[in-house]
Amino acid sequence: MSAEDRRLKHWGWGYEDQQPDRGTLEGTARAVHERLGFEVEKIEDPVPLERIELPEPRLKPPAEFESLFSSDRHDRISHGLGKAYRDVVRGFRGEFEHPPDLVAHPESAEDVDIVLSFAADARAAAIPFGGGTSVVGGVEPRVGEDYEATVSIDMRRMDQVIEVDDVSRAACIQAGATGPALEEQLRAHGLTLRHFPQSFEFSTLGGWIATRAGGHFATLLTHIDDLVESVRALTPAGGREWSSRRLPGSGAGPSPDRLLLGSEGALGVIVDAWVRAQERPRWRISCGVSFDDFGRGAEAVRALSQSGLHPSNCRLLDATESATTGAGPPGKALLVLGFESAHHPVDAPMRTALAVVREHGGSPGEVSSRGPGSERERDDSGAQARKGAHAVSEAEGDPVNAWRHAFLFAPYLRDSLVACGVLSETFETAITWDRFPELHAGITESVRRAVAEACGGPAEGPGSPWVGCRFTHIYPDGPAPYYTVLAKARRGSEVAQWDAVKAAASEAIIDGGASITHHHAVGRDHRPWYDAQRPEPFADALRAAKAELDPRGILNPGVLIDPVTDA
């Protein structure tokens, strides 16, 4: 089946034809019992699309532009939720409280302008939609009672690399291009954007920019922010275009691009952007390093972050995280370490890095490398652009390869865990090195206690929740810790349980002086803690910008800024 003929699941991750069969689900249930210690009493099935209750659209498109809009059942339902655990659970149970009335499919900036004008005139909220992979309520049309209807603006038909500047090594790309689509087009020019978030397969360039997405690589160019040269967006204020000048850098006042980065569709709809491309890497080397203690591993990673070596991958997993992925030796923390280059071998920086980790008690495993002309490079060359995060610095091997596949498979596995009654949640933050140990202890304790209270199990011992931590990105002044929570859920109460765990984790993050998000964005789910984190004068300035650019308050109400009354 071609990609064009495949439909995304209406409730979970991936395509409809990727729904696990009964045998796979039973295998997952056995693994849950053997590895996590949770008994799976029953494997449930998702509510099929045709059985979901769907209200009639409250809005009809104008006849002259009817082809831009859809009220198709699958279209409306599949745009009704994002991909957080609470979204997947509600979708699994057929609970779509806020489906959009219409889904718009623009194919040009002019089409976007038409859609925005129509929504403004109809007093309909307009929700920009890329791959729908938000895990913070960023695309759910949960907008309150002040709007006559909602329109989801699906940007994925705007998916072309418009122009490539080979001299400056940059490309202008439409906002709806998914990771695989833009990489395939850049590949013809020998280039890559080198931005591989876990959602790479389905998320879009515009979504990355709007949410300040973090890529796979651990140092240097970690966020999409680092790759943006200029951005073009449209606002509902009389069709005004927001377009910045293409420059390698500028000291001309506050950056217009920086205001759009992280704006989450509240200030304008991003239609295209110039981004900095790179040559495709040809030399790669990787190694798994085990530590007896996560704290010692963190000290090693701090030393690496401040060494100037800039590894492309420097992902530290605690023993729990390593065990759940099956990546490292039992009871050990695991550092997934890698380097890559388009221009030269990377054996020397790896040797230096391994010397550093040995000084902190690390035990390196086998070093795996590849370079131009290697059998693996020839085999991988045609597949990397299609596989996205497979095109990372780690070569084939164990435990590095085991971790990589677990990382890529995690969103698919979560759908099966929901069917088996397992609460599976992640959250992330960033903190300076000096405050990390205290923050980590506080988060772990708070989350264990919250899960035990919400799910009814013990906080410690057999049957207790699994709370694992890994570093996704590192900086000279601090890490970005990412937490995974696995627990036995109470069927039918999963959303309430998730709310309690999320609140406990978020309070611990803010109380510990960390960021409510490092790369997942704010959305509607993080709003209370984002409001506590940001300076109030900045909040006032953001409200003023919203009022100027979106005077009727139709763009993604509730993210970053309160709907209508606040605009």
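What share of the 567 residues of the protein count as buried? The figure is 59%. Keep in mind as you look around that this is a predicted model.

## The overall picture

Let's start with the whole thing. The protein has 17 helices and 18 strands, and its C-alpha trace spans about 65 × 60 × 55 Å along the principal axes. A compact globule of 567 residues would have a radius of gyration near 24 Å, and the protein's 23 Å agrees with that.

Take the contacts between residues at least 6 apart in sequence: 74% of them join residues at least 24 apart.

## A strand tucked away

Now find strand β14, residues 333-341. Nine of its nine residues are buried, so the strand is largely enclosed by the rest of the structure. In a regular strand, side chains alternate between the two faces of the sheet. Here, A333, L335, L337, F339 and S341 point one way, while L334, V336, G338 and E340 point the other way. Both groups are buried, E340 included.

Who are the neighbours of β14? Strand β12 (residues 283-291) runs antiparallel to β14 and is joined to it by nine bridges; in this pairing W283 stands opposite S341. Strand β13 (residues 313-317) is also antiparallel to β14, with five bridges between them. There, L316 has L335 as its bridge partner.

## A four-stranded open sheet

Elsewhere to look: four strands make up an open sheet, in the order β1-β2-β4-β3, with mixed pairing. The edges are β1 (69-70) and β3 (124-129), each of which pairs on one side only. Strands of a sheet pair through backbone hydrogen bonds, either parallel or antiparallel.

β1 and β2 (residues 102-104) are an antiparallel pair, joined by two bridges. Look for F69 here: this residue sits opposite A104 in β2.

## A serine in a helix

Last stop: S446, which is found in helix α14, residues 436-455. Is this serine buried or exposed? S446 counts as buried, because its relative accessibility is 16% and the cut-off for buried is under 20%. Leaving aside residues up to four places away in sequence, S446 touches A504 and A508.

Methods
Residues numbered from 1 in each chain as written. Predicted model: local features only at pLDDT ≥ 70, side-chain atom pairs only at ≥ 80, totals over all residues. Heavy atoms only, no water. Rg over C-alpha atoms; globule rule 2.2 N^0.38 Å. Buried < 20%, exposed > 50% of the residue type's maximum accessible area, 1.4 Å probe, protein only. Contact = heavy atoms within 4.5 Å. Pairing = 2+ DSSP bridges.
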